[in-house]
Amino acid sequence: MERRKFNESEISKQLETVNDWKSVDNKLHKRFEFSNFAESLAFVNRVGEIAEKHDHHPDITFGWGYAEIFLTTHDCGGITEIDFVVASEIDSI
């Protein structure tokens, strides 16, 4: 898979293919809500499995009842196809 930075038009079009992700500061971002800390942690661990599978690792912030995911392709300086692939898989959890 080619890792080429998408332009704003490409990002807008790709955002239609994922659920509730936003483009913020050259990153894809989504906040997930949970009932408690254990559910948040379990979700983050599942995200970690997806990240390892794709060798593409998001920035994750989580705590009691939430997890926030930020995806970007650092070596390209922005959002690429792999970010949307990983976002889509995260949505399938």
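This is a predicted model: local features need pLDDT of at least 70, side-chain atom pairs count only at pLDDT 80 or more; totals for chains, interfaces and linings use all residues.

Entry 1, helix H2. I then asked which residues of H2 are buried. I found Ser40, Phe43, Val44, Val47, Ile50, Ala51 and His54. Looking down the axis of H2, I see these buried residues fall within an arc of 115°, so they line one face of the helix. The background I had in mind here is that an α-helix has 3.6 residues a turn, so residues three or four places apart point the same way. On the other side of H2 I noted Ala38, Glu49, Glu52 and Lys53 as exposed.

At the N-terminal end I found a cap, asparagine 36, with a side-chain oxygen lying 3.1 Å from the backbone nitrogen of alanine 38. At the other end I looked at what comes after the helix, and H2 is followed by aspartate 55, whose phi is positive, near 50°. I recorded that aspartate 55 has this positive phi although it is not a glycine, and that it lies in the loop between H2 and S3. Is aspartate 55 buried or exposed? With a relative accessible area of 56%, aspartate 55 is exposed, the cut-off for that word being over 50%.

I traced an open sheet of 4 strands in the order S1-S2-S4-S3, with antiparallel pairing. S1 and S3 are the edge strands, each pairing on one side only, and the twist averages 25° from one strand to the next. S2 and S4 pair in the antiparallel sense over 6 bridges, and in my check of facing residues histidine 29 stands opposite phenylalanine 70 in S4. S3 and S4 also pair in the antiparallel sense, over 5 bridges, with isoleucine 60 opposite isoleucine 69 in S4. The hairpin of S3 and S4 has 2 residues between the strands, and there I noted glycine 65 with a positive phi near 85°.

Against what do the buried residues of H2 pack? My list reads strand S2 (27-33), strand S3 (59-63), strand S4 (66-71) and helix H3 (81-91). H2 lies across S2, S3 and S4, and I noted that H2 runs at about 165° to S3. For H3 I listed the buried residues as Ile82, Asp83, Phe84, Val86, Ala87, Ile90 and Asp91, and these pack against H1, S2, H2 and S4.

I placed threonine 72 in the loop between S4 and H3, and with a relative accessible area of 9% threonine 72 is buried, the limit for buried being under 20%. Which backbone oxygen lies 2.8 Å from a polar atom of the side chain of threonine 72? I found that of asparagine 26, and I also found that the side chain of threonine 72 reaches the backbone oxygen of glycine 78 at 3.2 Å. Leaving aside neighbours within four places in sequence, I listed the contacts of threonine 72 as Asn26, Lys27, His56, Gly78, Ile79 and Asp83.

I looked up two residues here. Glutamate 16 is found in the loop between helix H1 (8-15) and strand S1 (22-24), and glutamate 16 is exposed at a relative accessible area of 68%. I also took one distance from it: the C-alpha atoms of glutamate 16 and histidine 74, 58 residues apart along the chain, are separated by 23 Å. Aspartate 20 lies in the loop between H1 and S1, and its phi is near 65°, a positive value in a residue other than glycine. At 59% relative accessibility I count aspartate 20 as exposed.

Key. Residues are numbered from 1 along each chain as its sequence is written. Side-chain values use heavy atoms; hydrogens and water are left out. Buried means under 20% relative accessible area, exposed over 50%, partly exposed in between (1.4 Å probe, protein chains only). The arc is that of the directions from the helix axis to the C-beta atoms. Contact means heavy atoms within 4.5 Å. A polar contact is a pair of N or O atoms within 3.5 Å; within protein, one must be able to donate a hydrogen and the other to accept it, and residues adjacent in sequence count only if both atoms are side-chain atoms. Two strands pair if DSSP finds at least two bridges between them. Axes are lines fitted to C-alpha atoms, for helices over the stretch in contact, and angles run from 0 to 180 degrees between N-to-C directions.
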